[in-house]
Amino acid sequence: MEPRIDTNLAIAGEPDAWVHSACILCSNGCGMDIAVKDGKIVGVRGNAAHPVNFGHLGPKGEHAWVANHSKRRGTQPMIRRSKSEPLQPVGWDEAMSFFVQKFGDARRQGHQNLACYNSGQLTIEEFYALGKFWRGGLHSANIDGNTRLCTATSATGLIANFGTDGPVASYVDVDQADLLCLYGHNIAEVQTVLWERMLAAKRSNRGRIIVFDPRRTPTVTQGADLHVQLRVGTNVALMNGIIHLLIARGWIDRDFIAQHTVGFDELEAVAREYPPERVAGICDIPQAALETAAEWIGTTPRMVSTVLQGFYQSVEATASSSLVNTVHLLTGAIGKPGAGPLLMAGQPSAMCNRESGAGGSYPAYRNPMNEKHMRELCDLWNLDYETFEPELPKDILTMMEEAERGEIEFLWVIGTNPLVSLPDQNRSERIMRRLFLVVQDPFIDAETVELADIYFPAAMWGEKKGCVTNADRSVNLLMKAAEPPGEARSDFDIVVELGRRLGFQDKDGALLLPFSDPEEAFNEWRKVSKGRPCDYSGMSYDLILEMGAVRWPCNERHPRGCERLYEDLKFGTDIDQCESWGVDFLTGRATSRAEYARHDPKGKAFLRPVHWRRHPNRTSDAYPFLLITGRVVYHFHTRTKTARSRVLNARAPQPYVEIHPDDAAKLGITTGDLAEITSPNGRWEGVAMVVDTVRRGEVFVPFHYGHGAQAANQHTWYARDAVSKQPHLKSSPVAVRRLSFGQPEPWLLKRLTELDGTSIVPFAAREFDGTVNRAVQA
């Protein structure tokens with residue numbers, strides 16, 4: 001990909017300073033500089049020397065910085081002492097004292113009476129401090145991140161085959177690949193700059209791209225050579241069909257399999273039951289498409305596969321994602337240039353959440369059931385192991401169900417907006433209204449703040465310092481460019497101060513969180529991660545600034561980082577190295593140490609077979625359509641940042657529903673009409689877009705929009721994958737009808753051209769009218 005400096009400035013002339021940073025509006029981690037004038041952020045430009053993006057920026061990266069200047073930023077803490085009162089502004093001392101009082105009241109009922117739900121957008125220093133606060137101070141497993149909703153399966157899918165978390169391939173491998181397989185990954189919209197990089201690789205390598213997706217997304221129209229448009233809920237059947245063909249037609253590396261894997265015989269026995277004619281019927285795809293995909297996969301040694309929400313947000317999430325890894329193991333396409341699976345993250349620091357122990361894992365991918373790992377962690381934190389109480393981490397939906405039963409009373413929400421993003425919105429709202437709720441967020445009008453008993457105003461991107469790790473393990477350093485508004489504080493400062501006020505100490509009476517600045521926490525994290533898969537021990541702020549980004553592991557063996565994992569073909573499956581001893585794909589039953597010891601692969605990778613099963617929540621006469629939820633290129637999560645950009649919001653100001661023309665004809669719906677979607681859980685209404693991006697019997701609604709009748713999560717469920725606990729957001733039975741006739745507005749017609757194949761220019765390469773925007777060659 002050729003360098004190009006994408007720039008967006010709100011001033012004429014040059015700023016006072018350009019400050020090193022990275023975009024945090026997807027998981028790509030594009031390097032950028034922040035323009036500062038008179039102490040204010042006034043724009044951004046891409047960093048042409050950055051190894052991730054070479055100066056390119058996507059639409060959100062170019063335009064969402066204006067959110068820092070929103071008049072709805074929180075500038076002082078607020079509390080309410082009873083549910084019947086409105087939030088009232090108070091000083092930090094009063095707000096924190098109220099937090100400590102309520103935290104203490106709940107803790108006296110047991111440490112599992114409290115829960116924390118955080119983000120995929122904090123820095124590694126903030127996540128590490130928070131994880132140490134919760135696991136080392138409170139000794140609780142009730143902490144999770146909103147990464148549970150987007151990429152928890154990335155971790156469990158990797159652990160299933162390789163023993164530990166950690167994306168295997170890197171973007172350098174994307175550059176060198178001859179075949180790119182995109183499984184449930186609408187990369188043209190969700191990682192626009194990486195998509196440009198893929199298209200550049202396709203051109204230079206004369207390669208191919210396969211897209212496996214129920215929707216004909218812009219990824220298909222802009223660059224796919226083959227689109228396998230499978231039925232929702234059939235991912236495992238698809239993967240078993242590909243594996244069947246690879247084995248039957250001799251497109252596997254039997255020497256590699258014998259030397260570096262375990263479980264082939266069991267896998268072959270299961271795959272034998274998925275001949276192409278059966279899989280074509282289950283997935284409702286042409287048999288020729290399946291056979292072509294398998295042939296390209298089986299005959300292309302330099303192959304990179306990416307996986308995202310289309311596979312992750314499903315009850316078969318871990319199973320199907322693991323089978324993508326299995327394809328690479330069967331063909332030997334791993335651990336070498338241009339080859340490997342890349343199970344993607346969706347958020348800018350989802351990797352940091354997983355690494356640090358602030359979500360569904362313990363720090364540095366340690367196994368909470370492994371006494372050796374937990375004793376090591378206690379030594380590093382100077383805690384008494386006998387009172388440490390390591391526990392299997394809990395997911396947010398399990399905690400919500402416990403709260404619904406009255407088993408959790410206190411919830412601290414940091415940097416996320418669960419009232420909009422959690423499934424089954426009406427149920428989730430009823431549960432949150434029962435809790436004592438603390439919300440820590442940059443914006444006072446985020447929907448979840450309405451339910452808060454304490455509100456802490458938080459600094460955001462550009463207003464604090466720290467590191468974020470992208471989807472291919474590249475660690476970026478975000479420098480502070482401006483002060484936060486009013487009395488807002490960084491999440492790091494809030495967590496450290498609350499830890500001090502709560503009296504969290506190590507076994508010698510010293511502060512558990514002794515940090516005076518983020519770099520001190522980063523240096524402690526380097527020590528905690530040393531020797532583990534996500535090893536930061538050789539990393540420093542100076543090295544990151546020098547290189548632009550550094551991929552872990554970074555240590556004595558890899559002093560400037562590591563492009564890809566497992567080049568030595570030694571996987572992290574040893575019994576005292578692995579992050580987990582395994583979980584049954586279908587039941588979620590955890591494997592014990594004794595069970596694992598009987599089959600310890602000692603550094604070989606697992607080939608884990610699994611049968612396809614029908615999804616829950618099938619259609620019926622009352623609810624004959626399946627609703628798919630997802631994202632649009634112009635918005636991130638619940639629009640708390642992107643909706644504040646006039647440029648971005650004008651392109652997608654309200655939700656819409658994609659309906660296949662044949663279904664629309666039966667319902668009497670045309671583009672621009674007002675449509676209603678109903679389900680047993682709720683009601684949605686919005687404009688209709690008649691387009692054949694979706695299959696017959698399926699409809700699509702973006703999930704970004706609000707609370708109430710605009711929210712796609714009115715219809716989703718708490719059903720989730722047995723292993724990753726990731727919610728089943730891609731398949732909800734609904735009914736659709738026309739509410740009234742209407743005419744399509746200009747934004748809807750523009751969106752239609754983006755989806756129907758009329759416009760095939762990658763989004764990151766487009767200019768947006770009405771802005772001061774320069775894109776120049778570096």
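This briefing describes the nonpolar cores, the salt bridges and a strand barrel of the structure above. The model is a predicted one. Its largest nonpolar core has 154 residues, its salt bridges come to a count of 52, and 6 of its strands close into a barrel.

**Nonpolar cores**

- Within the largest nonpolar core, which has 154 residues, the residues with the most contacts inside it are Phe 212, Leu 238, Ile 297 and Trp 412.
- Helix H10, which spans residues 235-248, gives the most to this core, contributing 9 residues.
- Leaving aside residues up to four places away in sequence, Ile 297 touches several residues, among them Leu 179, Tyr 183, Phe 212, Ile 242, Met 303 and Val 327.

**Salt bridges**

- Lys 464 and Glu 126 form a salt bridge through their side chains, with an N to O distance of 3.1 Å. Lys 464 lies in the loop between strand E17 (454-457) and strand E18 (466-469), whereas Glu 126 lies in helix H3 (residues 124-138), so the pair ties together parts that are 338 residues apart in sequence. Both Lys 464 and Glu 126 are buried.
- Lys 202 and Asp 225 also form a salt bridge, in which the closest N and O atoms are 3.1 Å apart. Here Lys 202 belongs to helix H8 (residues 192-205) and Asp 225 to the loop between helix H9 (218-223) and strand E11 (226-228), so that distant parts of the chain, 23 residues apart, are linked. Asp 225 counts as partly exposed, because its relative accessibility is 37%.
- A salt bridge with an N to O distance of 2.9 Å joins the side chains of Arg 564 and Glu 567. Arg 564 counts as buried, at 5% relative accessibility, while Glu 567 is partly exposed, with a relative accessible area of 45%.

- The 6 strands of the barrel follow the order E22-E26-E23-E25-E24-E27, and their pairing is mixed. From one strand to the next, the twist averages 45 degrees.
- Strand E22 (residues 625-630) pairs with strand E27 (residues 732-740) in the antiparallel sense over 3 bridges, and Leu 626 stands opposite Pro 733 in E27.
- Helix H28 (residues 746-755) packs on the sheet, where it touches strand E23 (656-659) and strand E25 (683-690), and the direction of helix H28 makes about 65 degrees with that of E25.

Technical notes. Residues numbered from 1 in each chain as written. Predicted model: local features only at pLDDT ≥ 70, side-chain atom pairs only at ≥ 80, totals over all residues. Heavy atoms only, no water. Core = buried A, V, L, I, M, F, W, Y, C linked by side-chain atoms within 4.5 Å. Buried < 20%, exposed > 50% of the residue type's maximum accessible area, 1.4 Å probe, protein only. Helix = DSSP H or I, 4+ residues; strand = E, 2+ residues; numbered from the N terminus. Contact = heavy atoms within 4.5 Å. Salt bridge = Lys/Arg side-chain N within 4 Å of Asp/Glu carboxyl O. Pairing = 2+ DSSP bridges. Axes fitted to C-alpha atoms, helices over the stretch in contact; angles between N-to-C directions.
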